[in-house]
Amino acid sequence: MGDSKQSSPAWRSRSNSASPAFSNADSLALFCQCVVHCPQLDSRWNGSAIARGWTKLQNLEKSTLNVNRLQAAYRYLHEWAEPVHKWRLSIGQCPLCGRRPFLSMGPSAWMTRCLSCAATVTNLSLVPVIQEHLGDGGPTKDAYELSTYGATLKWLERHMRSTTKSEFFQDHPTGTMVEGILNQDIQKLTFPDGAFDLVTSNQVFEHVGDDIAGYKETYRVLRPGGAMIFSVPFYDTPSTVQTAELKNGKVVFFGEPEYHDSRIGGAKSAPVFWRHSRRDICGRVMQAGFRKAELRAVSIALTQRHPSLVVYAIK
């Protein structure tokens with residue numbers, strides 16, 4: 001960590017899942033323009049993708065097209081996506097949709113999306129690990145997902161006996177409802193011990209001030225044999241690096257401030273506290289008491305180019 005510290009006011013509210021908030025319906029319209037010109041796909045794919053995209057756009061409620069989401073969408077396309085001539089299409093196995101075309105706007109799972117449901121490979125990659133863990137037992141199990149949207153949540157709601165979901169609003173008491181959404185702080189969950197068989201999250205723990213406290217809370221609310229399955233941005237560094245901390249309600253950065261976008265807070269609204277290393281993440285998770293933790297590499301579409309890494313920990 002660097003010697004210089006910079007402080008920033010604590011964020012007012014943010015989504016637990018703070019990866020860029022380019023919504024399914026918003027992104028489908030952009031994808032449709034590309035599918036039209038794809039020589040690898042027949043006319044049935046072209047027509048159906050276009051119809052789905054524009055139908056979803058036309059049916060969007062005005063309230064969903066808010067400034068926060070548009071800001072995040074702009075950053076997604078203009079700061080991270082490669083030039084359009086480098087975008088690639090391929091066929092992959094979407095855990096939600098089956099065999100479908102995927103569009104890669106960059107050489108990563110995060111920039112690769114299913115053209116049918118518009119989910120990113122980063123979010124979809126949790127599902128194969130969940131399926132392996134559960135087998136046929138999903139309908140008898142209870143899950144907790146640390147966000148209120150995304151491909152993982154959709155799969156859980158279709159296949160689990162019950163699925164609890166939440167977001168984090170710092171200015172509200174944990175365990176309360178905020179505009180119809182359950183508010184939970186992963187560092188101090190209000191659920192009883194052994195409440196769930198599965199806990200999942202996507203791009204959350206890098207935004208948690210004390211990530212190990214979050215792993216411990218996850219361990220506490222899991223039943224014996226239950227699993228925590230999650231992803232974070234990984235770095236090929238010797239160990240995880242702390243980039244910020246909370247002091248007196250403010251975020252203090254150890255060097256250059258780093259923020260991610262969130263669905264609720266918009267562009268650059270979620271401060272980054274950790275740069276997790278792929279080399280020590282399993283050891284950090286096992287500090288919470290898990291008997292087993294391993295890193296799984298998941299590939300869904302060829303054009304993602306690099307596997308998506310998913311942490312699989314068992315109580």
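R279 forms a salt bridge with D236, and their closest N and O atoms are 3.1 Å apart. This pair connects distant parts of the chain, 43 residues apart: R279 sits in the loop between β17 and α8 (281-286), and D236 in the loop between β11 and β12. Both R279 and D236 are exposed. The model is a predicted one, and it holds 14 salt bridges.

**Other salt bridges**

- R220 forms a salt bridge with D193, with 2.7 Å between the closest N and O atoms.
- R220 belongs to helix α7 (residues 211-221) and D193 to the loop between β8 (181-182) and β9 (196-202), so this pair ties together parts that are 27 residues apart in sequence.
- R220 counts as partly exposed because its relative accessibility is 22%, whereas D193, at 57%, counts as exposed.
- R296 forms a salt bridge with E294, the closest N and O atoms lying 2.4 Å apart.
- E294 has 23% relative accessibility and therefore counts as partly exposed.

- Three strands form an open sheet with mixed pairing, in the order β11-β17-β12.
- β11 (234-235) and β12 (241-242) are the edge strands, each pairing on one side only.
- β11 pairs with β17 (residues 274-277) in the parallel sense, over two bridges.
- F234 stands opposite H276 of β17.

**Strand β19 and its partners**

- Strands of a sheet pair through backbone hydrogen bonds, in a parallel or an antiparallel way.
- β10 (residues 222-231) and β19 run antiparallel and are joined by four bridges; I229 has Y312 of β19 as its bridge partner.
- β18 (residues 292-298) and β19 also run antiparallel, joined by seven bridges; A293 has A313 of β19 as its bridge partner.
- Seven of the seven residues of β19 (residues 308-314) are buried, so the strand is largely enclosed by the rest of the structure.
- In a regular strand, side chains alternate between the two faces of the sheet.
- In β19, S308, V310, Y312 and I314 point one way, while L309, V311 and A313 point the other way, and all are buried.

**Helices α5 and α6**

- Helix α5 (residues 126-134) packs against helix α6 (residues 151-159) at an angle of about 30°, and their axes are 9 Å apart.
- Because angles under 35 degrees count as roughly parallel, α5 is roughly parallel to α6.
- L126, V127, I130, Q131 and L134 of α5 make the contact with T152, W155 and L156 of α6.

Technical notes: Residues are numbered from 1 along each chain as its sequence is written. This is a predicted model: local features need pLDDT of at least 70, side-chain atom pairs count only at pLDDT 80 or more; totals for chains, interfaces and linings use all residues. Side-chain values use heavy atoms; hydrogens and water are left out. Two strands pair if DSSP finds at least two bridges between them. Buried means under 20% relative accessible area, exposed over 50%, partly exposed in between (1.4 Å probe, protein chains only). Axes are lines fitted to C-alpha atoms, for helices over the stretch in contact, and angles run from 0 to 180 degrees between N-to-C directions. Angles under 35 degrees count as roughly parallel, over 145 as roughly antiparallel, 65 to 115 as roughly perpendicular and the rest as oblique. Contact means heavy atoms within 4.5 Å. A salt bridge is a side-chain nitrogen of Lys or Arg within 4 Å of a carboxyl oxygen of Asp or Glu.
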